[in-house]
Amino acid sequence: MIPKVALVMVVVVGMSLAAPEDRYGAPGPQPAYNQVVIPYNFEYGVKDEYAGTDFSQAEESDGKTVTGSYTVQLPDGRKQTVTYVADDYGGYRAEVSYYGEAQYPYEYGPPITFKPQYQPSYQPQPSYQPEPVYQ
């Protein structure tokens, strides 16, 4: 009887040691993100008088905190500037400000369209000759 109990104990212990550690789908060790701190800064801007586009952005990071601002020309004539700070503890915090006064036209008309200023001098010719039509 003792050999049977010992054999059962050895089998139970062996099965428990051979079973995977994660039986219920609990996550294992997670990879550590943001171990390498890489500071950066960048800036860009677009101002196209012809199309009326005007926007810019500047951002800087020391690897832990990101600070920056972006500016957009709104359709009503005002300029919107958003200044922000983002980090792991405080999240994204933004302050929005407007410059100028909104202007709305009293009369509405057809949309303004622009004709291209560049007229190509090259006129492409067909690369095939159509077959003659017989009647």
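Predicted model: local features only at pLDDT ≥ 70, side-chain atom pairs only at ≥ 80, totals over all residues.
Two strands count as paired if DSSP finds at least two bridges between them. Strand E4 covers residues 79-87, and E3 and E4 pair in the antiparallel sense over nine bridges.

The protein has one helix and five strands. Along the sequence, the pattern reads α-β-β-β-β-β. The five strands make up an open sheet, in the order E1-E2-E3-E4-E5, and their pairing is antiparallel. Which strands stand at the edges of this sheet? They are E1, residues 40-48, and E5, residues 91-99. Each of these two has a single partner strand, so one side of each is left without a neighbour in the sheet. From one strand to the next, the twist averages 10°.

Let us now go through the pairings. Strand E2, residues 53-61, and strand E3, residues 65-73, are antiparallel partners over seven bridges. Within that pair, glutamate 60 stands opposite threonine 67 in E3.

I return to E3 and E4. Here glutamine 73 is placed opposite lysine 79 of E4. The hairpin formed by E3 and E4 has five residues between the strands, and in this hairpin glycine 77 takes a positive phi near 100°.

Lysine 79 also leads us onward to the next strand, for its bridge partner in E5 is tyrosine 99. E4 and E5 pair in the antiparallel sense over nine bridges. They too form a hairpin, with three residues between them.

Once its neighbours within four places in sequence are set aside, valine 96 is in contact with Gln80, Thr81 and Val82. Valine 96 and threonine 83 are 13 residues apart in sequence, and their C-alpha atoms are 6.5 Å apart in space.

I turn next to the surface. The accessible surface of the protein comes to about 12900 Å², and 58% of that belongs to carbon and sulfur atoms. On the surface there is a nonpolar patch formed by Tyr40, Phe42, Tyr44, Val46, Phe55, Tyr70, Val72 and Tyr92. Together these residues have about 670 Å² of accessible area. Which strand gives the most to the nonpolar patch? That is E1, with four residues. E1 and E3 each supply at least two residues of the patch.

Phenylalanine 55, one of the residues in this patch, lies in strand E2. Its relative accessibility is 32%, so phenylalanine 55 counts as partly exposed.

Finally, two figures for the protein as a whole. How many of its 135 residues, as a percentage, count as buried? The figure is 10%. As for contacts with a separation of 6 or more, residues 24 or more positions apart account for 17% of them.

Thank you for your attention.

Key:
Residues numbered from 1 in each chain as written. Heavy atoms only, no water. Axes fitted to C-alpha atoms, helices over the stretch in contact; angles between N-to-C directions. Buried < 20%, exposed > 50% of the residue type's maximum accessible area, 1.4 Å probe, protein only. Contact = heavy atoms within 4.5 Å. Areas by Shrake-Rupley, 256 points an atom, 1.4 Å probe, with all protein chains shown as cover. Patch = residues over 30% accessible without salt bridge, like charges linked within 9 Å, V, L, I, M, F, W, Y side chains within 5 Å. Salt bridge = Lys/Arg side-chain N within 4 Å of Asp/Glu carboxyl O.
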